[in-house]
Amino acid sequence: MNVNQHTPMASPYGQPQPGYGQPGYPPLDGGYPAPYAPYNGPASAYQPGVPPQGYSPFTSFPSKAVAANPVSDLSSPLDLGPARGPPTSAPPPVSAPQQYNQYSHSLGDVQNGPPPMTQAPPRPAGSQPYNQGAANLTGAHPSYPQHYGPPPTMEQVTNQMTRMQVTSGPPTPAGPGYAPPQSSQPPISTSYQAAPQPSYTQAPPPVSSTPTQPPSSGGPAAPQQYFAGPPPPSQQQFASSLPPTSQQQFTSSVPPPPSQQTFPPSSFSGPIPPPSRAPAPPASQSQQPFPTPQPPFSSAPPPVNQSGFAAGPPAQSSFPPQPPPPSSQPGSFPPPGPPPTSAPSGQYPTPMPHQQQPPTTQPSPYHPGPPPLRAQMPPTSNHLPPGPQGPSCPPGPLGPLQQPPSPQTGYPPQQNGAFGQVRSPQPGYAGPYPGQPNYGAPAPAPAPAQKRLDPDSIPSPQASDMPAVQKSRHRIDPDAIPSPIQVIEDDKVKTTEPFTTGVRGQAPPLVTTNFQVKDQGNASPRFIRCTAYNMPCTSDMAKQSQVPLAAVIKPLATLPPDETPPYLVDHGESGPIRCNRCKAYMCPYMQFIEGGRRFQCSFCNCVTEVPPHYFQHLDHTGKRVDCYERPELSLGTYEFLATVDYCKNNKPPQPPAFIFLIDVSYNAVKSGMVSIVCHELKSLLDHLPRENPEMDSVVRVGFVTYNKVLHFYNVKASLAQPQMLVVSDVSDMFVPLLDGFLVNVNESRQVIESLLDQIPEMFADTRETETVFGPVIQAGLEALKAADCAGKLFVFHTSLPIAEAPGKLKNREDKKLIGTDKEKSLFQPQGGFYNNLAKDCVAQGCCVDLFLFPNQYVDVATLGVVPVSTGGSIYKYTYFQAQTDQERFLNDLRRDVQKPVGFDAVMRVRTSTGIRATDFFGSFYMSNTTDVELAGLDCDKAVTVEFKHDDKLSEETGALMQCAVLYTSCSGQRRLRIHNMAVNCCSQLADLYRNCETDTIINYFAKYAFRGVLNSHTKAVRDTLVNQCAQILACYRKNCASPSSAGQLILPECMKLLPVYLNCVLKSDVLMPGADVSLDDRAYLRQLISCMDVAETHVFFYPRLLPLVKLDSSSLPMAVRDSEERLSKGGVYLMETGLHLFLWVGASVQQELLLNIFGTQSFSQIDSSMTSLPVLNNPFSQRLREIIDSFRAQRSRYMKLMVVKQEDRTELIFKHFLVEDKSASGGASYVDFLCHMHKEIRQLLS
């Protein structure tokens, strides 16, 4: 819920009244109190009190709580492994068993998370974001189990646990990770705490949750038993007390197989061999055929009380030793009764790191915990259920080795979410699942029991079909590490109310969640998303955390039908009201003083007179009485009609023009491109952009064809036939006609249609293979200059321009340079011709969109300079074939011609004192340090802006930013679009880490890295990213997380997916290309990602993978993680990457599915060359086609469907997008990268 829930009413502007809006609109809640106050002055402004992050604003959520262990709420420990000292074969010392009284009831009150609130909690802060269960909910959260829905059965829980749930949040009952942390507990945890505290009964107990006692049913109480090993102390410990952090710590108790360790120490730059995994055959990945994704970490914060729960009775907890009989462990599942939870807490049972140790004995070498444990739980070590183990990382690297923890009492408080306790076998769990393939260690045969736990057994059907091999696990169970799917699903469940923007510093729902926005003073997240909604007050704090401070701004984003588009405000000839000093535009943050006669700017504090025509009295709160009637005083986004002072040469602009320039060389004609373009334009010209759908578009059009020379066409309405004028002197380009070149479509329709019919015939027998490119853009630019208007050039081009002419290029593709210091030169343009041409285009407002149809190298790095610098787009159709690529090309062309676009745009970002915009990423040109110039700005383009401190910020006033974009609309009107955003400022690192948005951080990192390859070696760029990410997480661990063993990887709750997403960026084709990725493809992707918004980069780097077993008419099936282990031979899966759609069909798919989707009886009859599904008259086929259409509608580019049959050669392309697995080009798997990241963090901390 949003913090400012206030009333859910529609925003005041919902139905604008004549003036602007409805004057009479009652303020929300009566007064729009708090939320708006802010606008009035910094001070009152956003009630600082409100917890920015999502904490509920209600008092009930004491901010203190947070303070207490700030960290926790944010973190989730993953125990990667004890890490404590290097593993030795001997068992780790026990550190004394302190009892942890895991349960200690007293702790009951400790909340793991925030205390329950009576009111609905506001949208949780970033940090808590995902907790599903978040403590916030009042009352017990029985349902915690990760999935939303009925509580899982014991068995499931167990399974989950096995999967290691690292929950980041409160421990879900099932969720392992969470044992409540008790701070008091002794280090035991280190020991393995594998045992999860069984205590939690499945449902987490209510707050108090003393649950210490396990349900008699055999429930948890015995935890220890189950656990043969030491109690899971840590788990509890951590669990509860802290706030939900996501800490998933996975301890990896198990040492990772050596291979893992191999990560090169820090370098990691290159692909790392995946640890154990690497060797394994793919199967292994599959190994866990996919369990349901969600479990893994639930991030929910552990229930408050949990802490209390310690895992079973304290006694047991107290000590590891009690080894329950091993048998029990393994096989025995704790009685169903026991709450698996606890286990979870143990979280991944820590398998021992098994680094190299021998299985059993070493039980947990790494954990300092009581060594004996292992004995007790012998199997554990080896068995460690894979799942849980997951955590273990390579010991070394990750630390299982970490130092011995000896007592480590410290850990206890693992943060709440720690998932981590160390992982020894969880009590609840019957030992690590014995059967698991231990990682590394020989797994004891153990019993089937394990299986039960096996995630594979969980919902995903496929497991059974997988080959055994696949089932083997890595040291770290992938289900035990943070799951993107779980986080995405938790956010969807948590977002039930519209997101109202009136509360400062409130993080919005994720880009993967559907939600409605109500503008109450800050711009919608559809226009602006920030990396951090709590900015550090000082530059020192920002440098210490290394969290990038940036905003991704999409100024002309399209809004869904249920949201009101920005209001257009006309202040007449005097123009918009602005601050005299900094020129910021009137906005809700301006403070009116002296009875309304003057206003104080909240950006620079300068006082400005209010013009007489704009004067209005103030009410008793100091607000203008017309506040809610004026969009600029109450909304975050609105537009002003600009006066001639804002126009070029102080005169109103002419309507824009579209010029189509078509390559008619041999390749273009032969591929069918020329005839397809000409045929499509006849109908497309009726859909040129317009403001009012009822009116005709005022955009004029012109046509040019070219090969080595240019052909201009006169299509004046008075002509019977079009006339062609040829310009063969391409070295000095000019436009041979003025009148008749740019025309109104309706007036000249017959002449235009005649021309489009004739062009394919005229050039049908051409033998000209050479083309020019520079003169083509010069021709369009000259035509726009002659007409004195802005506009867009649509260039359809096929080959490297080698004909003699300005801008001639040579083929410089050289695979030998890949991976060397000279590789960066391949991403830079050849010569300066196109840079200078781009500058001229921007000055005229000439935007260029380039459609490429190459059959070989065309030097996209150089040809793309003009489109990228002018705010245009590049579309690439390699080896274009009419029958298979026509649909994608035509859909892209239609959308590109029809979409809303502004011309001759200038964007400036102003900020309040203390920070300033210092760097910009996107498709634009900058002639100075502040103005972003865009010849064209469409609804898909985003600009990422980085901020740096130039002074201190204050927690009371927060930080403000105002993005103003001056542009010419497609109807020829000059406008200013204003987006305002206020964020909180903090002096505590814990507050910063509680309110970040990982998807936005990844958008920034990708753009930063992809620009970096222009000047640095790709390996250096990758190392920089890994190092910055490690610094962000190490700073959190050092300053915000509760003390715990180094073997635990503790992640902030709102950043627990940073490692998996960053690894996807590192493995991308731009930074780590496979042998089959061309230089043009890399340059194309580099330019494409530079202007993507957060939703597009999210699906590009972590594709959406849906299992198509049952399709229901209202909702989509829940996605699964991007790993081969999640695929079942008997299933069919749909993958969306933002640029492609894949339909993967398993080799043993059921006949019923084949009939429903393809209308064929057998797998061998499927035609893998089809690009669209047959239209069959059955509900499954109809729903699947609806889903595909809806995915395409959400993206800016049409995604071509590719059918991939298992074991077919096209499967290699599909597997490239299974980003959690090791990549063919050497990129690390998610598990291996997490271990590597843990190692890097430990090196920084030591």
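Two strands are taken to pair where DSSP finds at least two bridges between them, and on this basis the predicted model contains an open sheet of seven strands, arranged in the order β16-β15-β14-β13-β17-β18-β19 with mixed pairing. The edges of this sheet are formed by β16 (723–727) and β19 (874–876), each of which pairs on one side only. From one strand to the next, the twist averages 20 degrees. Within the sheet, strand β17 (residues 791–797) and strand β18 (residues 846–852) run parallel and are joined by seven bridges; phenylalanine 796 has phenylalanine 851 of β18 as its bridge partner. Helix α22 (residues 673–684) lies across β13 (657–663), β14 (700–706) and β17, and its direction makes an angle of about 155 degrees with that of β13.

The protein as a whole comprises 38 helices and 30 strands. Among the contacts with a separation of 6 or more, 82% are accounted for by residues 24 or more positions apart.

Two further helices were examined individually. In helix α34 (residues 1094–1101), seven of the eight residues are buried, so this helix is largely enclosed by the rest of the structure. At the start of α34, a side-chain oxygen of aspartate 1093 comes to within 3.3 Å of the backbone nitrogen of alanine 1095.

Helix α20 (residues 631–634) contains serine 634. Because its relative accessibility is 1%, and burial is assigned under 20%, serine 634 counts as buried. The side chain of serine 634 also reaches the backbone oxygen of cysteine 627, at 3.5 Å.

Definitions and conventions:
Residues numbered from 1 in each chain as written. Predicted model: local features only at pLDDT ≥ 70, side-chain atom pairs only at ≥ 80, totals over all residues. Heavy atoms only, no water. Helix = DSSP H or I, 4+ residues; strand = E, 2+ residues; numbered from the N terminus. Buried < 20%, exposed > 50% of the residue type's maximum accessible area, 1.4 Å probe, protein only. Polar contact = N/O pair within 3.5 Å; in protein donor to acceptor, adjacent residues only side chain to side chain. Axes fitted to C-alpha atoms, helices over the stretch in contact; angles between N-to-C directions. Contact = heavy atoms within 4.5 Å.
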